[in-house]
Amino acid sequence: MVKQWLQKNLKGDPVLWGIVIAFSLISVAVVYSATGTLAYKKMEGNTEYFLFKHTFLILVGLFCMWLAHKIPYRFYSRLSLLALIFSAPLLIITYFYGANINDASRWITIPVINQTFQPSDLAKLALISYLASMLSKRQQNLDDWKSTLFPMLGWTGAICGLIAMTNTSTAVLLFATCMLLMFIGRVPLKKLAIMMLVVGVLGAGALAVGQRMGTAVSRVTDFLDEDEIPFQLEQSYIAIATGGVVGKGPGNSDQRDILPHPYSDFIYAIILEEYGLMGGVIVLFLYLAMLYRCLVTVGKSEGAFAGLLAAGLSFSLVLQGMINMAVAVGLGPITGLPLPLLSMGGTSLIFTGISIGIILSVSRDDINQERAVGAASVKMPVNA
């Protein structure tokens, strides 16, 4: 009975479904441990508050993923431009009127439900979908600035620039993903280099007039300074060193009381402390496995839009994960990027779920096509 329901309702790559569920279970355990002290202080001893809240948000994210995978992926091509037109003003509104946390206005509070919403998550998804759509439709006109390159350049520069005004790391990650997607989409290297230069200048200008210029410069300077270790990174090193090979065990982290944002930006350090090098390797393996399964979906996809859409979304998620883990072990300047599928967050979990749901929608269509081809070959008469 359960098997039949799963086969009917959970379509697409079953391995990818398994990876997401594994991430969800790990996330619940690690976030519960990382937020214990925070909950005790802010919720008057109710240490389960963030556990229930995070578990609920994970379930909402999984539901959004299930819903997104039920929708044919071609529908997202039609929605992409509309979503971009909607998200650009939202980013502007957020910059001027958004909730200011840590000297950055990145969130809008939704009335009635009193839940914060980060428009940059919507803008990322919309821009990647739009570029995939444009690249698939204009394969024969990739040299044409007027009909193809200028629209892609304009939207990429505008969205990355607006995000850079409040969130440098997210803007840089999105910019890198867009350039990689255009390279895969066969944009000529000379044209791609011009676009990189133009968007880079626009992004630098937006960063200069935005809220995060000083923070971005200081973090890069701190990373390049061999004599000084930032406080966050120092505490992360302690967590990793004391975790050893097998870790201290679930719920036994000491650095969660000292390390800033142990449930989001530095959750990988808590994983290494509690579950050791083995736990860290398992998480890394899950991200690599997710990338591999997404690339399998890209390879099997029939249309250009399907392949580019799955590639863009998978690269965005996995690159973000790699950057977060690299920061935790000191291989990159400190950023505010959460660890996808593991860090505590609202809109991040929801839009990550939608992104994976779209990839599953692509893989579902590919599997259906394979079955249709298989059924046709079985029915085809064979001449004696």
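Leu189 lies in helix 9, which comprises residues 189–209, and in this predicted model the residue counts as exposed, because its relative accessible area is 59%, above the cut-off of 50%. Together with Leu180, Phe183, Ile184 and Leu319, Leu189 makes up a nonpolar surface patch of about 430 Å². Helix 8, spanning residues 168–184, supplies the largest share of this patch, with 3 residues.

Helix 7, residues 145–164, spans 25 Å between its end C-alpha atoms, whereas a straight helix of 20 residues would span 28 Å at 1.5 Å a residue. At the start of helix 7, a side-chain oxygen of Asp144 comes to within 3.1 Å of the backbone nitrogen of Lys146. The buried residues of this helix include Thr148, Leu149, Met152, Leu153 and Thr156, and they also include Gly157 as well as the run from Ile159 through Cys160, Gly161, Leu162 and Ile163 to Ala164. In an α-helix, residues three or four places apart point the same way, because there are 3.6 residues a turn. The cover over the buried residues of helix 7 includes helix 5 (74–97) and helix 6 (119–137), together with helix 8 and helix 9.

Gly210 is situated in the loop that joins helix 9 to helix 10 (213–224), and, when neighbours within four places in sequence are left aside, Gly210 is in contact with Tyr95 and Met165.

A further loop, between helix 13 (304–328) and helix 14 (347–379), holds Thr335. This residue counts as buried because its relative accessibility is 14%, which falls under the cut-off of 20%. The side chain of Thr335 reaches the backbone nitrogen of Leu337 at 3.4 Å, and, with residues up to four places away in sequence not counted, Thr335 touches Ser169, Arg219, Asp265, Ile323 and Val327.

Over the whole protein chain, 14 helices and 3 strands are present, and 50% of the 384 residues count as buried. Among contacts with a separation of 6 or more, 74% are accounted for by residues 24 or more positions apart. The chain exposes about 18,500 Å², of which carbon and sulfur atoms supply 68%.

Notes
Residues numbered from 1 in each chain as written. Predicted model: local features only at pLDDT ≥ 70, side-chain atom pairs only at ≥ 80, totals over all residues. Heavy atoms only, no water. Helix = DSSP H or I, 4+ residues; strand = E, 2+ residues; numbered from the N terminus. Buried < 20%, exposed > 50% of the residue type's maximum accessible area, 1.4 Å probe, protein only. Polar contact = N/O pair within 3.5 Å; in protein donor to acceptor, adjacent residues only side chain to side chain. Contact = heavy atoms within 4.5 Å. Patch = residues over 30% accessible without salt bridge, like charges linked within 9 Å, V, L, I, M, F, W, Y side chains within 5 Å. Areas by Shrake-Rupley, 256 points an atom, 1.4 Å probe, with all protein chains shown as cover. Salt bridge = Lys/Arg side-chain N within 4 Å of Asp/Glu carboxyl O. Expected span 1.5 Å × (residues − 1).
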